[in-house]
Amino acid sequence: QVQLVESGGGLVQPGGSLRLSCAASGFTFQYYTIGWFRQAPGKEREEVSCIRSSGSSTYYIDAVKGRFTISRDNAKNTVYLQMNSLKPEDTAVYYCATAQFFSTRCNGVDWGKGTLVTVSS
């Protein structure tokens, strides 16, 4: 079965950095677009970023452009989200998922359980 396991979340001060990892198994990882999504308290889940199977095409929502970088290592079946210059509004549970790519956005299909990122002083 498809399994995605996020890690790397935690408490960080504003302006700090975290790198999230998404370890995948149970499917042919290199064929899939993978996305990162987040859900803040009281808000709906939103897409954050996604990366095509080749790793050459990426998408970011405006709120994280210039601060977050998505990457993948197909040999390790892992996708990363490097988050820099973190802001309190980045606080959320972050999820990775296999994704459908629609030119400029991604929809999650199979989901991990999430990792909590808290940005606070």
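1. Let me start with a side-chain detail: the side chain of Thr-78 reaches the backbone oxygen of Lys-76, at 2.8 Å. Please keep in mind that this is a predicted model, so every value in my note is computed from it.

2. Where does Thr-78 sit? Thr-78 belongs to strand E8, which covers residues 78–83. Thr-78 counts as buried because its relative accessibility is 9%, and the cut-off for buried is under 20%.

3. The surroundings of Thr-78 are worth a look in your viewer. Once neighbours within four places in sequence are set aside, Thr-78 is in contact with Ser-21, Cys-22, Ala-23 and Phe-29, and also with Ser-71, Arg-72 and Asp-73.

4. How many disulfides does a search of the whole structure find? It finds two. Counting bonded cysteines along the chain, the pattern is 1-3, 2-4.

5. Cys-22 is joined to Cys-96, with an S to S distance of 2.0 Å. This link is right-handed, with 70° about the S-S bond. Cys-22 lies in strand E3 (residues 18–25) and Cys-96 in strand E9 (residues 92–101), so the bond ties together parts that are 74 residues apart in sequence. Both Cys-22 and Cys-96 are buried.

6. The other disulfide joins Cys-50 to Cys-106, with 1.9 Å from S to S. Why is the disulfide of Cys-50 and Cys-106 called right-handed? Because the torsion about its S-S bond is about 75°. With Cys-50 in strand E5 (residues 46–51) and Cys-106 in strand E10 (residues 106–111), the pair ties together parts that are 56 residues apart in sequence. Cys-50 is buried, and Cys-106 is buried too.

7. My last stop is Val-64. This residue lies in a loop, between strand E6 (58–60) and strand E7 (68–73). Is Val-64 buried or exposed? Val-64 is buried, because its relative accessible area is 0% and buried means under 20%.

8. As for the partners of Val-64, leaving out neighbours within four places in sequence, Val-64 is in contact with Arg-38 and Val-48.

Terms used. Residues numbered from 1 in each chain as written. Predicted model: local features only at pLDDT ≥ 70, side-chain atom pairs only at ≥ 80, totals over all residues. Heavy atoms only, no water. Helix = DSSP H or I, 4+ residues; strand = E, 2+ residues; numbered from the N terminus. Buried < 20%, exposed > 50% of the residue type's maximum accessible area, 1.4 Å probe, protein only. Polar contact = N/O pair within 3.5 Å; in protein donor to acceptor, adjacent residues only side chain to side chain. Contact = heavy atoms within 4.5 Å. Disulfide = S-S within 2.5 Å.
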